[in-house]
Amino acid sequence: MIDLWYKDAIIYSLDVDAFQDSNGDGIGDFRGLSERLDYLTSLGVTCLWLLPFYPSPNRDNGYDVMDYYGVDPRLGTLGDFVEFMRRARERGIRVLIDLVVNHTSDQHPWFQSARKDPASPYRDFYVWSETLPKNWNQGMVFPGYQDSIWAWDEEAGAYYLHRFYAHQPDLNISNPLVREEICRIMGFWLELGVSGFRLDAAPFLIEMKGTDSAHPADNEDQYAYLREFRDFLSWRQGDAILLAEANISRDKVNQYFGDDARLHMLFAFLVNQQLFLSLAKQETEPLVRGLRMLPVPPLTGQWANFLRNHDELDLGRLSEAERQKVFQEFGPDPSMQLYHRGLRRRLPPMLGGDRHRVELAYSLMFALPGTPVVRYGEEIGMGEDLSLAERESVRTAMQWSDEEKGGFTSFTCPGRPVISGGEYGYEKVNVAAQQRDPKSLLHWMVRLISARKQCPEVGWGSWEILEAGDPAVFALRYDWQDGTVITVHNLADREAAVRLHIDGGEPLFELIGDRPYELIASDEEIALRPYGYRWFRLGGTRHFLL
């Protein structure tokens with residue numbers, strides 16, 4: 001039987017170099033991360049997703065890879081990685097790592113060989129054109145920061161394709177040798193104990209790359225590459241998974257899941273964008289629409305839900321009016337916006353530091369169909385630093401204590417900036433202070449994660465949106481095996497009271513809520529305060545009071 005462990009995982013995303021410095025050089029490392037595994041265990045994390053830690057010039061947060069078979073020396077050695085994996089395994093924590101194979105750094109030995117010699121075996125690892133293609137300024141990933149997707153290389157005497165920055169030449173996925181190398185990379189890290197890969201920039205990776213169009217017509221062969229990668233994983237390690245970053249339209253989703261033959265998990269970008277529109281409008285309709293847009297994944301398929309991540313909050317699939325509404329509510333200053341499509345902010349500042357609204361947002365995300373993904377620092381309510389360029393604003397160092405540099409490092413000039421001063425500085429927002437405060441956001445997040453773990457229905461079961469009779473109240477019902485879980489969220493800044501008309505009149509046992517409530521039957525009125533939320537188990541003795 002296949003182990004679908006990811007169906008009820010709690011995934012925690014982090015940058016190794018931003019988490020904990022163990023040797024005082026100002027850069028987080030694997031030894032520091034190993035020292036913090038007990039903290040992650042206490043939080044309830046069951047799976048870590050590590051952003052790129054490979055050797056890199058670090059011109060793009062490590063996504064410009066120079067060597068797929070190593071560890072950036074700043075972060076430690078392969079031996080440190082193996083020791084980290086051993087300690088994580090002892091604590092029951094699985095590890096996913098970023099598979100960044102749409103492009104390499106222009107400093108990668110493959111590209112250096114390819115540009116120097118047309119006869120190099122690596123020449124066809126990349127996409128070249130002797131003349132500037134007609135699509136040279138179409139399909140740029142970072143509008144405003146890119147002016148082309150083709151760059152001239154003097155030494156090669158040709159243009160090369162780069163869907164991202166010019167220092168990141170695209171790999172040629174249509175070359176079987178490239179795909180063979182990708183499988184070799186996966187096999188290497190599987191042997192070192194990882195449980196799978198987050199597939200970076202999946203839509204760009206599998207596109208038919210050439211000189212004719214920035215958006216070539218869909219071709220079934222491109223999705224077959226995903227089957228090729230999954231088959232390799234299945235042969236090497238049956239429970240290893242592929243989690244794809246694929247901000248795609250609804251009509252392409254089934255191609256990525258591929259009837260249980262391609263990807264295991266997809267980030268729910270469509271729902272994420274509609275969720276923020278619902279929060280901005282204080283109405284459930286966008287979120288309901290977003291959920292109903294998603295096809296039901298196959299048996300081994302799963303959605304990954306999130307609020308914020310290491311990139312901008314991408315609102316590109318909203319209409320212009322909808323996007324402006326979210327901007328108006330959560331990032332009205334142009335300095336808070338990025339790429340004409342998103343926000344470069346963390347959640348608490350977006351919500352004005354309103355604790356009730358922050359709790360509502362996380363409770364709602366954890367209650368959505370799929371697996372929750374938490375970004376480091378979210379559990380303590382970290383903020384952003386808008387003085388930093390582009391997406392670096394949300395990539396500041398972890399805040400452990402009110403010691404100098406937030407306990408992240410003893411070095412005076414850390415590699416990752418530490419937020420100091422103001423409402424979100426490490427002096428006020430840190431792990432140590434919140435561990436001592438039973439009413440802190442950290443303690444609340446531990447309770448939420450515990451509640452989610454006790455509700456396998458959310459990760460495994462069938463779901464139904466319940467009619468609440470109030471445009472601001474979002475109610476979901478999950479059924480799996482003999483259990484039923486119901487979650488209710490009030491998106492408005494006013495009180496609400498709803499009846500869900502659940503048959504049977506059985507009691508609703510409270511699992512977690514914004515405040516203590518009296519026990520009620522399933523046909524009774526459910527009261528909610530402004531931005532209130534309540535999780536219930538329907539009837540029976542299988543219930544938990546947290």
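Over which residues does pLDDT stay under 50? In this predicted model, that stretch is residues 211-218, for which there are 19 contacts beyond four places in sequence. Averaged over the protein chain, pLDDT is 94, and 96% of the residues score at least 70.

One joins Arg375 to Asp15, with the closest N and O atoms 2.5 Å apart. Arg375 belongs to strand E14 (residues 371-375), while Asp15 sits in the loop between strand E1 (11-14) and helix H1 (16-19), so this pair ties together parts that are 360 residues apart in sequence. Both partners, Arg375 and Asp15, are buried.

Arg323 is buried, at a relative accessible area of 10%, whereas Glu320 is partly exposed, at 45%. In the salt bridge between Glu90 and Arg91, the closest N and O atoms are 3.9 Å apart. Here Glu90 is exposed, with a relative accessible area of 54%, and Arg91 counts as partly exposed at 29%.

Turning to the rings, the structure holds 40 aromatic pairs. Phe188 and Trp189 form one that is edge-to-face, with 5.0 Å between the centres and 85° between the planes. Phe188 counts as partly exposed, at 27% relative accessibility, while Trp189 is buried at 0%. Trp444 and Tyr533 are likewise paired edge-to-face, at 6.1 Å centre to centre and 75° between the planes. Trp444 lies in helix H16 (residues 441-453) and Tyr533 in strand E22 (residues 533-538), so their pairing ties together parts 89 residues apart in sequence. Trp444 and Tyr533 are both buried.

Phe188 and Trp189 also belong to a cluster linked by ring pairs, whose members include Phe30, Phe53, Tyr54, Tyr68 and Trp110.

Rings and charges meet as well. The charged end of Lys7 sits over the ring of Trp460, 5.9 Å from the ring centre. Arg534 lies over the face of Tyr517, at 3.6 Å from the centre of that ring.

Technical notes:
Residues are numbered from 1 along each chain as its sequence is written. This is a predicted model: local features need pLDDT of at least 70, side-chain atom pairs count only at pLDDT 80 or more; totals for chains, interfaces and linings use all residues. Side-chain values use heavy atoms; hydrogens and water are left out. Rings of Phe, Tyr and Trp (its six-membered ring) pair if their centres lie within 6.5 Å; planes under 30 degrees apart count as stacked, over 60 as edge-to-face and the rest as tilted. Buried means under 20% relative accessible area, exposed over 50%, partly exposed in between (1.4 Å probe, protein chains only). Helices (H or I, at least four residues) and strands (E, at least two) are DSSP runs, numbered from the N terminus. A charge sits over a ring if NZ of Lys or CZ of Arg is within 6 Å of the ring centre and within 35 degrees of the ring normal. pLDDT is the predictor's confidence in each residue, from 0 to 100. Contact means heavy atoms within 4.5 Å. A salt bridge is a side-chain nitrogen of Lys or Arg within 4 Å of a carboxyl oxygen of Asp or Glu.
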